[in-house]
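Here is a short briefing on the pockets and the nonpolar core of the structure below. Have a look at it, then read on.

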Amino acid sequence: MRKEIFMFTITYNSPIGPLYIAERDGAISHLVFSPLTAEERETPLLKQCAAQLDAYFAETLRDFDLPLAPAGTEFQRRVWQTLQTIPYGTTWSYKMLAEAADCPKGYRAVGLANNRNPISILIPCHRVVGASGGLTGYGGGLPNKEYLLKLEGVL
């Protein structure tokens, strides 16, 4: 019996290297730096996501308008939703993110949720920096985080 595939993916060639975008049930479920195991198929939504990424990297789009459905715990989803409120061209510390996510003493838990964000760039975890303003870990690597923050005019 063939296993049903619920996710479609495309590879997007960005200025920071290949990005892998996946759609599940009519929403973006992943935008990651490592290949995904899913059926390669360009759907209208994945095509729209790629077009918005083109505009973002061309510095003509600041706010993405796509349906997102990251899978995670209720707490993780709350943190990821809070990440989406960080304005383009600004950064927050983990403390600021924890306070905005209604978890003022949970910097580490918020940091772990930030690290597990499955929809990079669209859910802008790259906008979170250390308390001193320095760049901290990023799933796509610090050079890519630096590139994204320079693109947005932060650095």
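The lining of the largest pocket takes at least two residues each from β3 and α4, and α4 gives the most, with three residues. Helices (H or I, at least four residues) and strands (E, at least two) are DSSP runs, numbered from the N terminus. This is a predicted model, where local features need pLDDT of at least 70, side-chain atom pairs count only at pLDDT 80 or more, and totals for chains, interfaces and linings use all residues. Residues are numbered from 1 along each chain as its sequence is written, and side-chain values use heavy atoms, with hydrogens and water left out.

**Pockets**
- The largest pocket holds about 240 Å³ of space.
- Among its 15 lining residues, Asn114, Asn115, Cys125, Tyr138 and Gly139 are the closest to its centre.
- The second largest pocket holds about 190 Å³, and Asp63, Phe64, Gln84, Leu122 and Pro124 are the closest to its centre among 13 lining residues.
- A pocket is an open set of points on a 1 Å grid over the protein atoms alone, where a 1.4 Å probe fits, with protein on both sides within 12 Å along at least five of seven lines; lining residues have an atom within 4 Å of a point.

**Nonpolar core**
- Ile21, Leu53, Phe57 and Ile121 touch the most other members of the largest nonpolar core, which has 38 residues.
- α1 provides the largest share of this core, seven residues.
- Such a core joins buried (under 20% relative accessible area, 1.4 Å probe, protein chains only) Ala, Val, Leu, Ile, Met, Phe, Trp, Tyr and Cys residues through side-chain atoms within 4.5 Å.

Technical notes:
Buried means under 20% relative accessible area, exposed over 50%, partly exposed in between (1.4 Å probe, protein chains only). Grid points are joined across faces, edges and corners, and a volume is the space filled by probe spheres set on the points.
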